[in-house]
Amino acid sequence: MANVDGLVEHPVQWTFADLKEKLTEVEQISDFHCVEGWGVKNVRWTGVRLRELIETVKPKRETSHVTFYSLGGVYTESLTLSEASEEQTLLAYGLYGKELPSQQGYPLRVIIPRMYGYKGAKWLHRIEFTDYQHLGYWEQYGYNVDGVTPPR
Ligand SMILES: Nc1nc2c(c(=O)[nH]1)N[C@H]1C(S)=C(S)[C@@H](COP(=O)(O)O)O[C@H]1N2
Ligand SMILES: [Mo]
């Protein structure tokens, strides 16, 4: 993870180590579900609350959404500022007490348990604050931007 930028008062360029040092580590057990039908109960994540990062960078008044960019330049996702600020929205770097495996998104991934898995970008490297909602990777193929209702 490197850049947190866009419509914020204090953009930061943090290394993964900076992020761990500056924000409070939390542990969260939550169910994970993919829109394709599979799910995993009681997944134990370690990470930081996205809310705390938001408080650090101070979004400007016109900010309405947060866009996430994965390494590789293909996968993107977005949340409203209010969804991003929910208690359970994490930037996770640990899984069951160990470092996030590379397949699961090392070094960092977004977790928002009440939404389908596609809302959470793995291999996160940039967070941008915007005044529009960016249409995510799967959303261009018909998945719903709300992350809650399944595609028809
Ligand atoms: N960068 C990136 N993030 C991603 C995806 C992806 O293909 N690329 N797939 C999404 C989808 S559809 C799901 S269900 C979860 C799967 O997470 P898992 O591989 O840890 O089970 O990651 C989400 N995040
Ligand atoms: Mo998924």
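Predicted model: local features only at pLDDT ≥ 70, side-chain atom pairs only at ≥ 80, totals over all residues.
Trainee: How far is an oxygen atom of ligand 1 from an N or O atom in the side chain of Arg109?

Mentor: The separation there is 2.7 Å.

Trainee: And what about Lys122 and an oxygen atom of ligand 1?

Mentor: For Lys122, a polar side-chain atom is placed 2.4 Å from a ligand oxygen.

Trainee: How many residues are around ligand 1, and which come nearest?

Mentor: There are 14 residues around ligand 1. The nearest are Ser70, Tyr75, Arg109, Gly120 and Lys122.

Trainee: Let us turn to the largest pocket. What is its volume?

Mentor: The volume of the largest pocket is about 480 Å³.

Trainee: Which strand gives the most to the lining of the largest pocket?

Mentor: Strand S4, covering residues 39-49, gives the most, with 3 residues.

Trainee: How does the lining of the largest pocket divide by class?

Mentor: The pocket lining has 14 nonpolar residues, 4 polar ones and 3 charged ones.

Trainee: A change of topic: how many cavities of 30 Å³ or more does a search of the whole structure find?

Mentor: The search finds 1 such cavity. The largest cavity holds about 70 Å³ of space.

Trainee: What lines the largest cavity?

Mentor: It is lined by 13 residues, and nearest its centre lie Phe32, Ile111, Ile112, Pro113 and Met115. Two elements each give two or more residues to this lining, namely strand S3 (25-33) and strand S9 (109-111). The largest share, 3 residues, comes from S3.

Trainee: Is Thr67 buried or exposed, and why?

Mentor: Thr67 counts as buried because its relative accessibility is 0%, and the cut-off for buried is under 20%.

Trainee: Which residues does Thr67 touch?

Mentor: Leaving aside residues up to four places away in sequence, Thr67 touches Glu77, Ser78, Arg126, Ile127, Glu128, Thr130 and His134.

Terms used:
Residues numbered from 1 in each chain as written. Chains lettered and ligands numbered in written order. Heavy atoms only, no water. 1 Å grid on protein atoms, 1.4 Å probe; cavity = no way out; pocket = protein on both sides within 12 Å on 5 of 7 lines; lining within 4 Å. Points joined across faces, edges and corners; volume = space filled by probe spheres on them. Helix = DSSP H or I, 4+ residues; strand = E, 2+ residues; numbered from the N terminus. Nonpolar A, V, L, I, M, F, W, Y, C, P; charged D, E, K, R; others polar. Buried < 20%, exposed > 50% of the residue type's maximum accessible area, 1.4 Å probe, protein only. Contact = heavy atoms within 4.5 Å. Near = heavy atom within 4 Å. Polar contact = N/O pair within 3.5 Å; in protein donor to acceptor, adjacent residues only side chain to side chain.
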